[in-house]
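Here is a briefing on one protein model. Please look over the sequence and the structure before reading on.

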Amino acid sequence: MGRVVSPAFYLRLMELYVTIEELKQHLNIDYDGDDKYLTSLLSAAQMSVEKSIQQPLENCLINETLNPMLVHAIKILAGGFYANREPVAYAQPRPIPYTLSYLIQPFIKYT
């Protein structure tokens, strides 16, 4: 059986391009009780965007700052994870046009 690695391990290795404060502002959160959870969601969202575009986010830096489209994509994805903590929905889900896939599509690296 493989070794279980704590999410905190990845956070030490990965630079987060969206801060907790930026995500809390995006989600209209004004308390600190979920900060640790939000940090893990940011990490998962950032890793997911990176996997989706099939290249490291550092390849998408403009003057040492991540492209704003990708920053917003990370916020949208982390916000979705925060709002939908379970794998099922009891309403009919529908994608909202011009959001996550629209933002990351120009950055997908086809090999």
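The notes below cover the fold, a helix pair, selected residues and a pocket.

This is a predicted model, where local features need pLDDT of at least 70, side-chain atom pairs count only at pLDDT 80 or more, and totals for chains, interfaces and linings use all residues. Residues are numbered from 1 along each chain as its sequence is written, and side-chain values use heavy atoms, with hydrogens and water left out.

**Overall fold**

- The protein has five helices and two strands. Both kinds of element are DSSP runs, numbered from the N terminus: helices are H or I with at least four residues, strands are E with at least two.
- Their order from the N terminus is α-α-α-β-β-α-α.
- Of the 111 residues, 31% count as buried. Buried means under 20% relative accessible area, exposed means over 50%, and partly exposed lies in between (1.4 Å probe, protein chains only).
- Take the contacts with a separation of 6 or more: residues 24 or more positions apart account for 72% of them. Contact means heavy atoms within 4.5 Å.

**Helix 2 and helix 3**

- Helix 2 spans residues 20-27 and helix 3 spans residues 35-53. Their axes come within 10 Å and cross at roughly 95°.
- The two helices are therefore roughly perpendicular to each other. Angles of 65 to 115 degrees count as roughly perpendicular, under 35 as roughly parallel, over 145 as roughly antiparallel, and the rest as oblique.
- Helix 2 makes the contact through Ile-20, Leu-23, Lys-24 and Leu-27. Helix 3 contributes Asp-35, Leu-38, Thr-39 and Leu-42.
- By class, this contact has five nonpolar, one polar and two charged residues. Ala, Val, Leu, Ile, Met, Phe, Trp, Tyr, Cys and Pro count as nonpolar, Asp, Glu, Lys and Arg as charged, and the others, Gly among them, as polar.
- Axes are lines fitted to C-alpha atoms, for helices over the stretch in contact, and angles run from 0 to 180 degrees between N-to-C directions.

**Buried glutamines**

- Gln-46 is found in helix 3. Its relative accessible area is 3%, so Gln-46 is buried.
- Not counting residues up to four places away in sequence, Gln-46 touches Met-14, Glu-15, Leu-16, Tyr-17, Leu-57 and Ile-74.
- Gln-55 sits in the loop between helix 3 and strand 1 (61-62). Gln-55 counts as buried because its relative accessibility is 16%.
- Neighbours within four places aside, Gln-55 is in contact with Glu-50, Cys-60, Phe-107 and Lys-109.

- Gln-54 has a positive phi, near 60°, and is not a glycine. Gln-54 lies in the loop between helix 3 and strand 1. At 44% relative accessibility, Gln-54 is partly exposed.
- Glu-64 also is not a glycine, and its phi is positive at about 65°. The loop between strand 1 and strand 2 (65-66) holds Glu-64. Glu-64 counts as exposed, at 76% relative accessibility.

**Largest pocket**

- The largest pocket holds about 420 Å³ of space. A pocket is an open set of points on a 1 Å grid over the protein atoms alone where a 1.4 Å probe fits, with protein on both sides within 12 Å along at least five of seven lines; lining residues have an atom within 4 Å of a point.
- The lining has 15 residues, and Asn-84, Pro-93, Arg-94, Pro-95 and Ile-96 lie nearest the pocket centre.
- Helix 4 (68-83) and helix 5 (100-104) are the elements that give two or more residues to this lining.
- By class, the lining has ten nonpolar, four polar and one charged residues.

Methods. Points joined across faces, edges and corners; volume = space filled by probe spheres on them.
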